[in-house]
Amino acid sequence: MVAIGNSDLDIFPLALGGNTFGWTSDEPTSFEILDAFAAGGGNFVDTADSYSAFAEGNSGGESETVLGNWMASRGNRDHMVIATKVSQHPEFKGLAPANVRAAAEASLKRLQTDHIDVYYAHFDDADTPLVDTLGAFDELVRDGLVRHVAISNYSPERIREWLSLTAENGFAAPIALQPHYNLVHRHDYEPEVAAIATENGLGVFPYYSLAAGFLAGKYRTQADLDGQPRQRMATRYFSESGLAVVEALAEIADTHSAEISTIALAWLLTRPGITAPIASASRLEQLPALLDAPTVTLTASEISRLTTLSDAIGA
């Protein structure tokens with residue numbers, strides 16, 4: 001188990017992404033995945049109020065609803081650490097104070113709980129003064145609706161501004177950052193955000209850890225991807241240099257008798273500041289490879305090989 005930043009929250013070093021719940025995983029399948037995750041020692045689930053408004057027929061909040069139903073049916077809320085986010089739900093766009101409060105209350109209802117463990121600002125809102133947003137988050141913490149606040153998808157400059165305003169006003173300090181970060185996409189985290197995280201003791205939870213399935217070796221050709229639910233997201237990673245990374249992952253996976261996705265996540269766990277990658281499973285059989293990642297120890301030469309191939313992508 002590892003701590004999230006300087007907080008009192010201890011988690012298994014692999015976070016289960018909830019974006020599939022109510023989208024590529026129906027509720028019974030989601031329950032199976034969540035049961036197996038908990039049985040395997042997992043306790044940190046990452047979701048958002050907007051999941052999965054992007055899917056046809058959904059309106060947002062589906063993931064939180066499934067997760068809330070699962071915790072209620074299992075009676076295990078006190079054993080789980082739940083992170084969710086605000087700013088992108090169709091009915092609660094942006095980070096104006098009244099919206100932050102309303103969105104949090106809606107999330108709590110869907111999650112069937114009286115508190116959110118980690119509450120993220122999902123995306124920056126340039127139309128709302130940052131100090132107002134931080135005041136709203138701080139109020140949620142003081143009222144006991146949120147235990148800790150966190151930052152997702154903010155630029156280095158805005159993260160520094162957030163930290164400065166926190167110190168100036170005595171607001172609840174953020175404990176974590178959530179950047180887009182993986183072997184084929186590194187510039188959102190390295191080097192600036194990584195330095196900020198290290199300097200300020202912030203936990204880091206990379207999303208798209210498996211590049212929408214590309215780093216699981218699922219898509220070796222464009223034909224493999226055509227018609228898949230993640231086609232739009234995964235297409236961006238296709239390149240000769242990206243496929244070279246996948247080939248290296250496959251070879252290293254064979255050496256460790258592991259899955260390709262396990263090695264991609266294990267590499268992330270070697271990177272500065274990383275607390276736990278976020279990875280999701282649409283089917284139960286995908287989960288063991290995710291849970292295995294913290295148990296794999298890559299050699300120095302394997303880490304160097306993957307990092308060098310990743311450097312060549314320049315992304």
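Where is N153 found? N153 sits in the loop between β9 (146-152) and α5 (156-169). This is a predicted model, in which local features need pLDDT of at least 70 and side-chain atom pairs count only at pLDDT 80 or more, while totals for chains, interfaces and linings use all residues. Residues are numbered from 1 along each chain as its sequence is written, and side-chain values use heavy atoms, with hydrogens and water left out. Helices (H or I, at least four residues) and strands (E, at least two) are DSSP runs, numbered from the N terminus.

**Backbone features**

- Most residues other than glycine have a negative phi, and most peptide bonds are trans.
- N153 is not a glycine, yet its phi is positive, at about 65°.
- N153 counts as partly exposed because its relative accessibility is 25%; buried means under 20% relative accessible area, exposed over 50%, and partly exposed in between (1.4 Å probe, protein chains only).
- A212 also has a positive phi, near 55°, in a residue other than glycine.
- The loop between β11 (203-204) and α7 (222-225) holds A212, and A212 counts as buried at 5% relative accessibility.
- The peptide bond joining Y51 and S52 is cis, with omega about 0°, and S52 lies in the loop between β4 (44-46) and α2.
- Another cis bond runs from E190 to P191, with omega near -5°; P191 lies in the loop between β10 (174-178) and α6 (192-200).

**Nonpolar cores**

- A nonpolar core is a set of buried Ala, Val, Leu, Ile, Met, Phe, Trp, Tyr and Cys residues joined through side-chain atoms within 4.5 Å.
- The largest such core has 88 residues, and Y119, L215, L249, I263 and L306 have the most contacts inside it.
- Apart from it lies another core, of 16 residues, including F44, V81, A83 and Y120.
- Leaving out residues up to four places away in sequence, I263 touches L249, I252, A253, H256, A258, V296, L298 and L306; contact means heavy atoms within 4.5 Å.

**Helices α9 and α10**

- The axes of α9 (residues 240-256) and α10 (residues 260-268) come within 8 Å and cross at roughly 100°; axes are lines fitted to C-alpha atoms, for helices over the stretch in contact, and angles run from 0 to 180 degrees between N-to-C directions.
- That angle makes α9 roughly perpendicular to α10, a label for angles of 65 to 115 degrees.
- From α9, L249, A250, I252, A253 and H256 meet I260, I263 and A264 of α10.
- In α10, 9 of its 9 residues are buried, and these buried residues pack against α9, β12, α11 and α12 (300-313).

- K85 is found in strand β5 (residues 81-86) and is buried, with a relative accessible area of 0%.
- The side chain of K85 reaches the backbone oxygen of T47 at 2.7 Å.
- Beyond its neighbours within four places in sequence, K85 is in contact with residues including D46, T47, Y51, Y119 and Q178.
- S63 belongs to helix α2 (residues 62-74) and counts as buried at 0% relative accessibility.
- Not counting residues up to four places away in sequence, S63 touches G18, N19, F21, T47 and Y51.
- S63 and P191 are 128 residues apart in sequence and 32 Å apart in space, C-alpha to C-alpha.

**A partly exposed residue, L284**

- L284 lies in the loop between β12 (278-279) and α11 (287-292) and is partly exposed, with a relative accessible area of 34%.
- With residues up to four places away in sequence left out, L284 touches E32, I33 and A36.

Notes. Parallel < 35°, antiparallel > 145°, perpendicular 65-115°, else oblique. Polar contact = N/O pair within 3.5 Å; in protein donor to acceptor, adjacent residues only side chain to side chain.
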